[in-house]
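Work through the exercises below with the structure open. Each task is followed by a solution in steps.

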Amino acid sequence: MNHDLEPQAAARVGQLVFSFARLDFLLALALRNLLAASRSEDLNPLIERLGFKEKLDALREVISSKRSERHEAAAEYEVWYAKADKLRATRNAFVHGRWGVQSQD
């Protein structure tokens, strides 16, 4: 029965990684849209260099700079940011952690 644990754990960690990849993509889209460059393709190389945490922080700065226009959205983002950052730390622990399953064969 314990031999089933490793594939199940790998599947869950894989789902977590794929979910973060989607979220990372959506953060990049949000940055592109909020920065509204005349040619958004000029932003792509810059945004693609950013890691997940850097995109979170960059989006936070952009929203903060537009706070007077969108105070409610900025407040909602701060709440979401705290949750996303905490989840990011959990994801990092799973992805970068050491994994060992003790066999009982």
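**Exercise 1. Determine the handedness of the crossing of α1 and α3, and describe their packing.**

Step 1. The model is a predicted one. In it, α1 and α3 cross in a left-handed sense.

Step 2. Take the geometry next. Two packed helices are described by the angle between their axes and the distance between the axes. The axes of α1 and α3 come within 10 Å. They cross at roughly 30 degrees.

Step 3. Classify the angle. Angles under 35 degrees count as roughly parallel, so α1 and α3 are roughly parallel to each other.

Step 4. List the contact residues. α1 contributes F20, L23, D24, L27, A28, A30, L31, L34 and L35. α3 contributes F52, K55, L56, A58, L59, V62 and I63.

**Exercise 2. Find which residues of α3 are buried, and explain how they are arranged around its axis.**

Step 1. Check the helix itself. α3 has 14 residues. Its first and last C-alpha atoms are 20 Å apart, close to the 20 Å expected at 1.5 Å a residue.

Step 2. Pick out the buried positions. These are F52, K55, L56, L59, V62 and I63. They cover an arc of only 130 degrees around the axis, which puts them on the same side of α3.

Step 3. Turn to the face directed away from that buried side. The exposed residues E61 and S65 are carried there.

Step 4. Ask what the buried residues of α3 pack against. The partners are α1, α2 and α4.

**Exercise 3. Decide whether K55 is buried or exposed, and list its contacts.**

Step 1. Locate K55: its place is in helix α3.

Step 2. Apply the cut-off. Buried means under 20% relative accessible area. K55 has 5% relative accessibility, so K55 counts as buried.

Step 3. Leave aside neighbours within four places in sequence. K55 is then in contact with D24, L27, A28, L31, I47 and L50.

**Exercise 4. Describe α1: its span, its buried residues, what covers them, and what follows the helix.**

Step 1. α1 covers residues 5-35, 31 residues in total. From first C-alpha to last, α1 reaches 45 Å, close to the 45 Å expected at 1.5 Å a residue.

Step 2. V13, F20, L27, A28, L31 and R32 are buried in α1.

Step 3. Their cover includes α2 (44-48), α3 (52-65) and α4 (71-96).

Step 4. Look just after α1. There A36 takes a positive phi of about 45 degrees.

Note on methods:
Residues are numbered from 1 along each chain as its sequence is written. This is a predicted model: local features need pLDDT of at least 70, side-chain atom pairs count only at pLDDT 80 or more; totals for chains, interfaces and linings use all residues. Side-chain values use heavy atoms; hydrogens and water are left out. Helices (H or I, at least four residues) and strands (E, at least two) are DSSP runs, numbered from the N terminus. The expected span of a helix is 1.5 Å times one less than its number of residues. Buried means under 20% relative accessible area, exposed over 50%, partly exposed in between (1.4 Å probe, protein chains only). Contact means heavy atoms within 4.5 Å. The arc is that of the directions from the helix axis to the C-beta atoms. Axes are lines fitted to C-alpha atoms, for helices over the stretch in contact, and angles run from 0 to 180 degrees between N-to-C directions. Angles under 35 degrees count as roughly parallel, over 145 as roughly antiparallel, 65 to 115 as roughly perpendicular and the rest as oblique. A crossing is left-handed if the near helix is turned anticlockwise from the far one by less than a right angle, and right-handed if clockwise.
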